[in-house]
Amino acid sequence: MTEVNKYLQHCEAVIVDLDGTMVDTMGDFAEALNRMLADLRLPAIDVPTIEPMVGKGSEHLLRAVLTHVLGQIGKPATATEIDNRYAQAWERYQHHYLAINGRFSRVYDGVEKGLAQWRSKGLKMACLTNKPLDFAEPLLRAKGLRDYFDHVFGGDSFERKKPDPLPLLKTCEALGSKPANTLMVGDSSNDAEAAHNAGCPVVLVSYGYNHGQPIREVAATGYVDALSELQA
């Protein structure tokens, strides 16, 4: 038994991130963003450029994409220019994302086995993501993962998003668990920082989206290559 799994013996609940942790959603992001950019008559953006932008919520993602593509065509990517385009960009992005949600994504290997293991041991479970709740719930249902979770919270469920600790603390309240006995499982420094500041242990997956930085450079309780490696 690994040190991480020994620690899991003392946990009463698990909070799991979504994008990059349970589901590889990069295909969905690329498809929805490029349909949105086409509507705005702006050039397309490729997956390697999108990937470091993912993880801080849809508002951050759209603003980062607009800044990039406007810079590519020599337009002024000032805050005012981004603000002027944001409302239309969000409306078109939401329209397209809801239409294709889950169609260009896949569940990572070991995810369902891991979730089933935790559920069978009686652990309380919540999904906590920076993705808007209206995107997260349908995706979890489409991938057959929703029923594993007692609660699902999105980036718009609380006043602040990860890496702020507030969402983790509120999720612990909903689960009825103490932060010190609640494991956060994620794929990025956002998850780790939120967990550290909330007083939760954190395990990071070796895949996923960590803003282009090596995940093992992020301080964590441990690291795994698949959720199925975490056995309570």
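A polar contact is a pair of N or O atoms within 3.5 Å; within protein, one must be able to donate a hydrogen and the other to accept it, and residues adjacent in sequence count only if both atoms are side-chain atoms.

First, the ground rules. This is a predicted model, where local features need pLDDT of at least 70, side-chain atom pairs count only at pLDDT 80 or more, and totals for chains, interfaces and linings use all residues. Residues are numbered from 1 along each chain as its sequence is written, and side-chain values use heavy atoms, with hydrogens and water left out.

Now the whole chain. It has nine helices and eight strands. Helices (H or I, at least four residues) and strands (E, at least two) are DSSP runs, numbered from the N terminus. The C-alpha trace spans about 55 × 30 × 30 Å along its principal axes. Of the 232 residues, 50% are buried, meaning under 20% relative accessible area with a 1.4 Å probe, protein chains only.

Next, Asp-19. Where is Asp-19 found? Look in the loop between strand S1 (13-16) and strand S2 (23-24). Asp-19 has 10% relative accessibility, so it counts as buried. Its side chain makes a polar contact with the side chain of Thr-25, at 2.7 Å. A polar contact also links the side chains of Asp-19 and Lys-131, at 3.2 Å. Leaving out residues up to four places away in sequence, Asp-19 touches several others, including Phe-29, Leu-139 and Tyr-209. Contact here means heavy atoms within 4.5 Å.

Let's move to strand S7, residues 202-205. In a regular strand the side chains alternate between the two faces of the sheet. In S7, both faces are covered. Val-202 and Leu-204 are buried on one side, Val-203 and Val-205 on the other.

Which strands pair with S7? One is S6, residues 182-186, parallel to S7 over three bridges. Two strands pair if DSSP finds at least two bridges between them. Val-185 stands opposite Val-203 in S7. From S6, the chain crosses through helix H9 (residues 189-198) to S7, and this β-α-β crossover is right-handed. That is, with the strands pointing away from the viewer, the path from the first strand over the helix to the second runs clockwise.

The other partner is S8, residues 222-224. S7 and S8 run parallel, joined by three bridges. Leu-204 has Tyr-223 in S8 as its bridge partner.
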